[in-house]
Amino acid sequence: PIAGKTHQELIFPVVAPDPEKSSDVKYLTYPLYAGGNRGRGQVYPTGEKSNMNAFGAVQAGQISEITSTEKKESNITIISSDGTSTSQIVPAGLVLTVKQGDVVKTDQPLNIDPNVGGFGQEETEIVLQKPA
């Protein structure tokens, strides 16, 4: 994995065979395809979500408290209409979309979905030509 902000372009070295040394190689135009996958949500083998996911409220109710843990995670406490209190952790680094006092529905996202990106593909041609 590499940081997308600092790697908007990737340079792939191409080692071309020498047509002078091999009769199987011709001076032609060859298609070149490159693709990459970026930033999709992950689930650990234990079933827990990584910090590359949107986290939804575990129950409907009002957010009574948002605190920060020692690990910089957000601990969100939700009190339902029948008084049941539930706490859930949103991993560090995720931007919350809720604040204390907000009313949320079950599975309503609590953070901005970090799943930007996806699959990118580029197609081009390279020309194997005789050096002058």
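The accessible surface of the chain amounts to about 10000 Å², and carbon and sulfur atoms account for 53% of that area. The model is a predicted one. Its chain has 132 residues, of which 20% count as buried. The secondary structure consists of six strands and zero helices.

**Overall organisation**
- Read from the N terminus, the elements follow the order β-β-β-β-β-β.
- Where contacts in the chain link residues at least 6 apart in sequence, 56% of them join residues at least 24 apart.

**The β3–β4 hairpin**
- Strand β3 covers residues 74–79 and strand β4 covers residues 85–90; the two pair in the antiparallel sense through six bridges.
- Within this pairing, isoleucine 76 has glutamine 88 of β4 as its bridge partner.
- The two strands form a hairpin, with five residues lying between β3 and β4.
- Glycine 83, located in the turn, has a positive phi of about 95 degrees.

**Threonine 77**
- Threonine 77 is a residue of strand β3.
- Its relative accessibility is 10%, and because buried means under 20%, threonine 77 counts as buried.
- A polar contact of 3.2 Å joins the side chain of threonine 77 to the side chain of serine 87.
- When neighbours within four places in sequence are left aside, threonine 77 is in contact with Gln62, Ile63, Ser64 and Glu65, and also with Ser85, Thr86 and Ser87.

Terms used: Residues are numbered from 1 along each chain as its sequence is written. This is a predicted model: local features need pLDDT of at least 70, side-chain atom pairs count only at pLDDT 80 or more; totals for chains, interfaces and linings use all residues. Side-chain values use heavy atoms; hydrogens and water are left out. Two strands pair if DSSP finds at least two bridges between them. Helices (H or I, at least four residues) and strands (E, at least two) are DSSP runs, numbered from the N terminus. Buried means under 20% relative accessible area, exposed over 50%, partly exposed in between (1.4 Å probe, protein chains only). A polar contact is a pair of N or O atoms within 3.5 Å; within protein, one must be able to donate a hydrogen and the other to accept it, and residues adjacent in sequence count only if both atoms are side-chain atoms. Contact means heavy atoms within 4.5 Å. Accessible areas come from the Shrake-Rupley method with a 1.4 Å probe; for residues, only the protein chains shown count as cover.
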